[in-house]
Every structure is written in C-alpha cells, then in structure tokens.
Amino acid sequence: MNAHADQQLPHPSPSVSASPSYAADRLARALRTSLTHEDAATRERAGARARQWRDVLSGMAGGTLSIGSRTPVATLPAWVTPEVVTGGFATGSAAAGGPLLPHEKETARRAGVPATRSALFAHHLTEDGLRELWSLLDSGRFEVHAPEEAALATVAWLVRAGRFDSAAELVAEIGPFADRLRFAPRPADRPAPGVDCLHRRTAGEAAAALARRRPHPGVEAQREALSVWRPFEDELLAHRLAVAGSDAPPPGWRAEGAALLARYATLAAAHTRCTKHLNPKSNAAILRRALAEELAGRALAPRLAGLLRVAVTSMVAKRGVPGSPGHTRLRRARAEHAALPPHHALAALVLRRIAPLDEDRGIPDVEAAVAPVSGREARETGLPEGAVVPPAVAATVRGALSAPLEVLVERGVVPSAEVLASLVPQLVAAVTAERYADAPLRTLMAATYRAFRRRRSLLLLNLEHQVRIGELPWVRAVSGHLRDGAADGAADGEPAREALRRLGELAVCAFPATVLPNPLVRELGELSRRAELGAPFVEELAADIFTGTFSPKFLVAARIAADLLEGSLYARYYGIDYAAVRRMAVAQAADSALRGHPARSAPEFAALCAQRAGTGTPGWSTAANGTVIEQAQILTTHNLATLAARAGIAPPPGWARLARDCFGTVCRLLARVEGDPRPMSAIKDAAYAWRQMLFHLSLCEAAEREAVLAWMEAETARRSGHVRTLLAPALAGLRLVADGGSFGADGTADAGRARRLLGWSTGRHWMRGSRLPG
C-alpha cells in the first residue's frame, strides 16, 4: 500500500478509515525477520520495526491513532512531524521526540539547567539562550533534521527583528509541547552546504562504506591458491617426474622429498584459506601420499600407484611440464594475478585520500580519489605503484560526487527519476529561501524546507491533503518578512519558473519513458506555486486504496492537455474528446466562482474516467481502480502537458529523440514478458512508456513524426520474435491512427489485428491472455 498526497475519497461512502490488517501483516513480517534472519544487524532493525508496528496496532485499537487523517495522533496538531512507517501509518510518536540527544545534554550542562526538554526550552528564551541562537543564525553552523528544530531559532530571529508580538505568539503555540519535542537546531562544525552542487551521498557515507570492506574469503582463498599452493604442487610434480622411467631415484631425491613434506606441514599451518589441498582425492594429496610411502620404504599399493599415474598425467596435460615454456608463461600470468592488491587494501587507500574532506558534504573531485596508486603511496603502503582502483570501490566514491544536477544525471550518479526526486529538495529549498530579505533567515528557512521534505507522507483518506510547509507555525510567523515584491510573486517568480523548467527538462530528457514519481511531482508543484503559474501537478494514485473521486486539479490538468493536444495524434489514438473536457473544466470553474470557494472534488471528471475505462458495473477491485486511474493519466498526460505548455520545457535532444528512447524502453520491457509467470508489471510499465512516447511523438513536426514511425517499424523487425509478436497489434494500431484511421469502441480495428495498448484491464489482457488479479 502506498500513501500519496491528496489521496482520493471513497465512493459513495462519505468517510472511511484504514484497516489494521495491513499493519498486522507488516508486524508479522518484521517479527519473522527479527527471529530468523541470519544477520544480527538485520534482526535488530526488524525488531525495531516490529516495535513500531506494535505501536501502530495498539494506537488503532485504543483510539489514540486515526490512520487516514492528517492529524493521526490525537494529542498532536497537524504541524508536528509524526513518526511514519511503510504505507503512511503513524506510530503515535513524534519525529522530534524521544530521549534527549547528546547535543541537548551538552547544552543543558553548559547552561546549568536540568537535562529536560522543558528546561532547555525555557533556557533558549533567556538572554543567554537567545544569544546562543543568534550566534548559530549568524554563523550558519547549525543543522535542522526535523522541521521542529527550526522553531526556537525563528523565535530568536523575530526577537532580534523587533517582532516581539509574533515571537510571543509563536512561543505560545509551540509551548504546550516544550516538554516533548526538540525545538532548537543542532550545532554543527561547518555552515550548511550551498545548493549549486548536489550530492547523492556524503563523503562520510562513502568513507563508512569503504571502511566496511573486508577481505573477501573466496578471493583471498584464490590468491593463496595461486601464490602458495600451485607453486608447491609444481615442486611436487617436478620431484615426481625426476624418477619417471628410471629404476632408481637420482642422488638427493629422498632428502628433497623429505624437505617437501616438512615444508607442506609448515605451509598448511600458515595458509588456511584454501583447503583444496586437504582433499585426499586431489592430485597434490595423491603425490604427497605416494612420496610419504616411498620415503617410509614401503612399496606403493596397486591402487595408489594407479592414482599416481593418473595424477601425474593429468597435471602435465593440463599445465605442462614444470619449467617448460608453456608452463612458465602460465605460472607467470597467475603469479601476476595473485600479486594484484586486494580490493579492501585499495579501499583503505581511497579512504585515506578522502578522510580530510568534510564528511557532511559531497566529493568535488572524485577522479583524484580513485586515481591509480602513486609512487609515494606505494612506498607508504606497500601497494604496487600504478595499481588501479577496482570499479566496485570507485563506484562507492563516485556516488558521492558533488556537482550540478545535470552532471550527476549525465555521469549515472542519478540512475532513476526516484533518485532525482530525492535530490530536488536541495534546489527547491534555495528557491524558497530566496523569498526572504534577511540572509540568516534565508539560511534558516532553506534548512527548514530541506527537513520538511524529509517528512514522510501520511496515508490520507477522505480527500485530506498532506501538511504543507506554510502550515508550520514558525514558517507562518515569518511570512511577512519577504523581500520586496516576494509577497505578490514578483521577486521569486522568475527563479521558481527557471528552476521548474530546468527540473522538468532534466526529468523528461533523462527518464523519458518513466512516470514522474510522486516526490518529484510534489517538488514541481511547489515550484509552480512559487512561480504562480496556475499549473497543477497531479500525483500517481494507488490503485489498492483509490475509491473513485479525483480532486479538482485533475480536471485543470486535463484542460491544459486539451489546449495543447486537441486534434493531435495522442488525442486521436486514445479517442479523447478534449472539447468536452474543456467545457467540463469551464463549468467547474464557474461553479466554484458561484459558490465562492473551490470545489473539493471533480465528480464529472471521475465519471468520464470511469466511462472511458468501462467500469460502470457495480463492484470494486484493484484492477478496476487501475483502469480508471490510467484513464486519468491519459487525459492529463500525467504532467507532461503541464510541463510543456506551462513550464515551457524544450528538451535539447528534441521530442523525436525522446519518442525513440521511449520505444526502446517498450521493447526492453516486453522482452521480459516471455516466460514470466507474472508479466503484468512489465506490460503495465510498457503501456506507460508507450503513452509517454505518444506524447513526445505528438509534439513532433509531421515529417519528423513519420520518420520516427518508420524507424519504429524497422526497429521492431530487428527484435526477437516474441517482442515482434507482442508489438505487432500495438504498432498496427499506431500506424492506423497516424494514417487517419481510428479504433472501434472496444479499442481494436482490422478484425483485432490493430489494438490500442493500455496497461490495466479487468478482463483478459491481449498481451498475456490471462486475467488480471483483482
């Protein structure tokens, strides 16, 4: 179950609540892992999750938790950040609560006050406490992990600005929770990093990953085999070959044999990683056993003599006679391989290189950190000069690259739209903070925004919406202290518009076949509000909890798509009457104006989606929900039209290139279907990529569009027979519409040889011929 912003109202019931069955299932899974997993750390983490799920179930049963509400904890207001577990379930605890942290205890000790939250709260409102907060504000040397940790610093700023009434009102609002929550920022050694360069992981995180590298048992066993046991086996074989075909052993043969056996005992005691030599059936063991028998003066038993002949013959055939040119080349190559430094040793060297860096920031020059071993380092560490850092170790460091977002995407540090979304708040925080006139306040509000965006979404029902940053009392308290013009959007509109365009282009170009993930949608929506574009961004809804109604912004987004795409290939392929959508949107706006307040839902839009999905019959299922949600995504283009028409994105590679990339993704996804007992995930993703492709294709010029269609047909012919078979009806349908034709009411044409490709179905999907699970 996924929790999405503005999750939809059940229909027709006016109110619903969450079922505890999901929480009970999660508790059972956590308990099972905590008791049975082989890794102790994993068991400990699972035990912590189990305790959280117990709190969820206990709170639901006792009435102290209202899952599905934006105020799920009865004793906490909406602005308090709740502790949230998978699925959007609140546990009843606050993210800024819990035992005192070390920095709080140190502050209490230094101030000479009791080590309690209420005492610390009171101290921060004294003259000494305010001076401490002013010092943090001016230096920027603080961190805000939970949004609440910015509250008292905001009070201090208001006091210094002479806004005593605002400061007093803020203290009065947060004061009732002074004994439970952290309201002061955490001191830091360095100022907060800037936002020009972003990083996916910090230097400290990369260092911790490098420090965890230990010798790999299998690799070290192989290294021991090549450097110790293979050369020793060669000596045994050479010693045996010295008596081959002779009636008597040469002088010194017995003494050399005794020395070999004695050295074997020494080697076996010192080198214990490789154990193959202990196998009595191994060639080396047979050679040793035969030598021991002969040195003891005993004749070889017929079986041992036979095994000895086979061992010698096979060893010579496999590697050659010791000392021969071929054998020498083989042993030299394996010795060089064994001499390569182990990965953990090179990881330790890289760790030493990055140790002086700020552990809370990224690494600006990762190539220097993963360069080959220098002469000086070779002398200091014993590693061979010029040794290359292995790719696995280098990847750990490159993941901490600090660079502009576009560079991170280009270098593969950002491999998905989801990862991109996780980095975007750093940029949006800068745009948000630029609205404030005072530099320390800008730094504080940027830190507040970054912390707020780490707040996990709640499972929401009954058309409730997630808490917005403007609802935080301390953000609201400084809302009147914006730069000139920021209050009406003039000052921060242009930076927000530019950031929106930049992020939109980056997401669409880097991941053209991917539906924008909800965290990224939320950031784009925030930028749109800052830019006052009137451009709504709509979330992807969860089919397992969707119950039929859409918020009004879905219809607004559909109208934006209508203005851009009416009469286009996209509209004709999906059979969309965008003129009717436009009339519906106009009527909704007029109705809201008449009532004097915005509508809470868009029932006409929901009815249109249900009609297009063909789900007019009674009943409820995840599959039926999925068909309705998919139609909403089709009508709105799931934010692509908003980005193109309102944000003004113009992808540098061109729309045709993006369409080709989408088609390649469709082919790759369909290649997974063959032999997959559960192929619907791949089929649905392919249908989403197909929809994105159609959007990009619809913005191409006619000649360019025809060239892409011809390329797609040629590309399909190059694919496997399975992919060609799956694609043929969809491609025939696309060609049919491109040439001016249309589908029938059932989404087929030409006796079923041409089909409209959709991802969801309540019946038998034509790409797999089996029923979707409901």
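I take a salt bridge to be a side-chain nitrogen of Lys or Arg within 4 Å of a carboxyl oxygen of Asp or Glu. With that cut-off, the structure holds 38 salt bridges. I note at the start that this is a predicted model.

**Entry 1: the chain as a whole**

I looked up the make-up of the protein chain and found 33 helices and 6 strands. Along its principal axes, the C-alpha trace spans about 115 × 85 × 50 Å. Of the 774 residues in the chain, 50% are buried. I also looked at contacts between residues at least 6 apart in sequence, and 72% of them join residues at least 24 apart. The chain exposes about 35300 Å², and carbon and sulfur atoms supply 54% of that area.

**Entry 2: confidence**

I checked pLDDT next. The average for the protein chain is 86, and 93% of the residues score at least 70. Over residues 487-491, however, the pLDDT is below 50, and this stretch has 8 contacts in the model beyond near neighbours in sequence. Residues 770-774 also stay under 50, and for them the model has 14 contacts beyond four places in sequence. Where pLDDT is low, the predicted coordinates should not be read in detail. I leave both stretches at that.

Which residue does Arg240 pair with? I found a salt bridge from Arg240 to Glu294, with the closest N and O atoms 2.6 Å apart. The pair links distant parts of the chain, as Arg240 sits in helix H9 (residues 217-241) and Glu294 in helix H11 (residues 283-295), 54 residues apart. Arg240 has 10% relative accessibility, so it counts as buried, the cut-off being under 20%.

**Entry 3: a salt bridge within one helix**

I then looked at Glu526 and Arg530, which form a salt bridge with the closest N and O atoms 3.1 Å apart. Because they are 4 residues apart in helix H23 (residues 518-531), about one helical turn separates Glu526 and Arg530. Both Glu526 and Arg530 are buried.

The side chains of Asp739 and Arg735 meet in a salt bridge, at 3.3 Å from N to O. Are these two partners buried or exposed? Asp739 has 54% relative accessibility and therefore counts as exposed. Arg735 has a relative accessible area of 17%, so it is buried. I also noted a network made by salt bridges that share partners, which joins Arg453, Glu523, Glu526, Arg529 and Arg530.

**Entry 4: helix H24**

What span should helix H24 have, and how far apart are its end C-alpha atoms? H24 covers residues 553-565, so its 13 residues at 1.5 Å a residue should span 18 Å. The end C-alpha atoms are 18 Å apart, which agrees. I listed the buried residues of H24, among them Phe554, Leu555, Ile560 and Leu565.

Just after H24, Gly567 takes a positive phi of about 85 degrees.

**Entry 5: a hairpin**

I turned to strands S1 (residues 82-85) and S2 (residues 89-94), which pair in the antiparallel sense over 3 bridges. Val85 stands opposite Phe89 in S2. S1 and S2 form a hairpin with 3 residues between them. Gly87 lies in the turn and has a positive phi of about 90 degrees.

Most residues other than glycine have a negative phi. I looked up two residues with a positive value. Glu532 is not a glycine, and its phi is near 50 degrees. Glu532 has its place in the loop between H23 and H24. With 53% relative accessibility, Glu532 counts as exposed.

His638 is not a glycine either, and has a positive phi of about 45 degrees. I found His638 in the loop between H28 and H29. His638 has a relative accessible area of 2%, so it is buried.

Key:
Residues are numbered from 1 along each chain as its sequence is written. This is a predicted model: local features need pLDDT of at least 70, side-chain atom pairs count only at pLDDT 80 or more; totals for chains, interfaces and linings use all residues. Side-chain values use heavy atoms; hydrogens and water are left out. The expected span of a helix is 1.5 Å times one less than its number of residues. Buried means under 20% relative accessible area, exposed over 50%, partly exposed in between (1.4 Å probe, protein chains only). pLDDT is the predictor's confidence in each residue, from 0 to 100. Contact means heavy atoms within 4.5 Å. Accessible areas come from the Shrake-Rupley method with a 1.4 Å probe; for residues, only the protein chains shown count as cover. Two strands pair if DSSP finds at least two bridges between them.
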